[in-house]
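Please open the model in the viewer and keep the selection tool at hand.

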Amino acid sequence: MSFTELEYVSLAPDDLDDISHLLVNHFYLRDIMTLVLGVSPESKLAIDLNHIRTCLATGLSLGARDKSTKQLVGVLLNSILAFDATVIHTPSKSNETEMMHTHFLRLLGQVADLTKHHGVTNILLSTRGCIHPDYEHRGLFTKLVQMSVNIGIKEGCTLASAAAINPHSEKAFLRVGYKVGKTLDFNTVEEVLLDLSHVSHTVLKVMTKVLSPITTSS
């Protein structure tokens with residue numbers, strides 16, 4: 001399959017159903033957060049819906065559709081994080097699963113430690129990257145990452161950041177110029193007992209790419 005058989009589009013709130021279908025059937029089945037929380041793909045989607053809607057509202061998220069079928073076969077959700085913003089992850093419901101999910105998000109935020117990049121103003125944050133299995137290994141994800149970087153530059157972001165949990169996504173980010181920063185090994189998380197028996201990759205890597213000159217401290 002060639003890129004000419006695909007069309008790349010900006011995703012909007014109206015695309016939520018197609019995105020949800022792709023994520024439930026092909027992303028959450030392999031997502032480490034879904035697996036360690038022990039929830040169904042549908043339950044993890046419900047937890048993530050606010051974040052997904054936020055990304056779609058920005059108009060910065062990208063997708064790839066098959067021109068002949070119009071099927072959404074690739075997605076990369078993007079949002080812009082203001083460096084001086086206070087990010088508070090609050091579970092929408094007071095249940096154990098969502099509280100644990102919030103705990104991991106805070107832990108990931110501490111590991112990422114984007115404050116080490118002096119001079120950062122806005123950060124392009126990419127999440128939920130997923131390619132339909134029938135369209136994998138054709139450079140589609142790398143294309144979406146590169147397009148996202150271009151969006152970040154156009155929007156005046158000084159840094160792009162994403163988290164990679166498997167070698168395939170890591171390689172795509174590396175091809176576009178991202179570098180591996182800190183890592184989070186779920187085997188070392190001591191606060192809760194995790195079931196990693198169904199997880200093939202346990203190390204999450206924080207990837208970053210400088211989009212414009214960053215002032216270093218003297």
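Begin by selecting Arg65, which lies in strand E2 (residues 62–66) of this predicted model. Is Arg65 buried or exposed? Its relative accessible area is 11%, and burial requires a value under 20%, so Arg65 counts as buried.

Next, display the side chains of Asp15 and Asp18 together with that of Arg65. The side chains of Arg65 and Asp18 are joined by a polar contact of 2.9 Å. A second polar contact, of 3.0 Å, links the side chain of Arg65 to the side chain of Asp15.

Apart from neighbours within four places in sequence, the residues in contact with Arg65 are Glu5, Leu6, Glu7, Val9, Asp15, Asp18, Lys70, Gln71, Leu72 and Val73. For one of these, Glu5, the separation from Arg65 is 60 residues in sequence, while the C-alpha atoms of the two are 8.7 Å apart in space.

**The pair H1 and H3**

Select helix H1 (residues 16–26) and helix H3 (residues 41–58). At what angle do these two helices pack? The angle is about 140°, and the axes are 11 Å apart. H1 and H3 are therefore oblique to each other, since only angles over 145 degrees count as roughly antiparallel. Their crossing is right-handed.

His21 is exposed, with a relative accessible area of 53%.

Move to strand E4 (residues 122–131) and select Arg128 within it. Phi of Arg128 is near 55°, a positive value in a residue other than glycine. Arg128 is buried, its relative accessible area being 17%.

Continue into the loop between E4 and H5, where His137 is found. What is the phi of His137? It is near 60°, again positive in a residue other than glycine. His137 is exposed, with a relative accessible area of 68%.

**Helix H6 and its surroundings**

Select helix H6 (residues 167–175) and colour Ser169, Glu170, Ala172 and Phe173, which are buried. Why do these buried residues line one face of the helix? Seen down the axis of H6, they fall within an arc of 160°, so they share one face. An α-helix has 3.6 residues a turn, so residues three or four places apart point the same way. On the face of H6 turned away from the buried side, look for the exposed residues His168 and Arg175.

Which elements cover the buried residues of H6? The cover includes helix H5 (140–154) and the strands E5 (159–164), E6 (179–185) and E7 (203–210).

The axes of H5 and H6 come within 9 Å and cross at roughly 45°. The two helices are therefore oblique to each other, and H5 passes H6 in a right-handed crossing. In H5, Phe141, Thr142 and Val145 take part in the contact. Their partners in H6 are Ser169, Ala172, Phe173 and Arg175.

Then inspect the two ends of H6. At its start, a side-chain oxygen of Asn166 reaches to within 3.0 Å of the backbone nitrogen of His168. After the helix comes Gly177, with a positive phi near 105°.

**The whole chain**

Six helices and seven strands are present. From the N terminus on, the order of elements is β-α-α-α-β-β-α-β-α-β-α-β-β. Of the 218 residues, 45% count as buried. Among contacts with a separation of 6 or more, 77% are between residues 24 or more positions apart.

Terms used. Residues numbered from 1 in each chain as written. Predicted model: local features only at pLDDT ≥ 70, side-chain atom pairs only at ≥ 80, totals over all residues. Heavy atoms only, no water. Buried < 20%, exposed > 50% of the residue type's maximum accessible area, 1.4 Å probe, protein only. Helix = DSSP H or I, 4+ residues; strand = E, 2+ residues; numbered from the N terminus. Arc of directions from axis to C-beta. Contact = heavy atoms within 4.5 Å. Polar contact = N/O pair within 3.5 Å; in protein donor to acceptor, adjacent residues only side chain to side chain. Axes fitted to C-alpha atoms, helices over the stretch in contact; angles between N-to-C directions. Parallel < 35°, antiparallel > 145°, perpendicular 65-115°, else oblique. Left-handed = near helix turned anticlockwise from the far one by under 90°.
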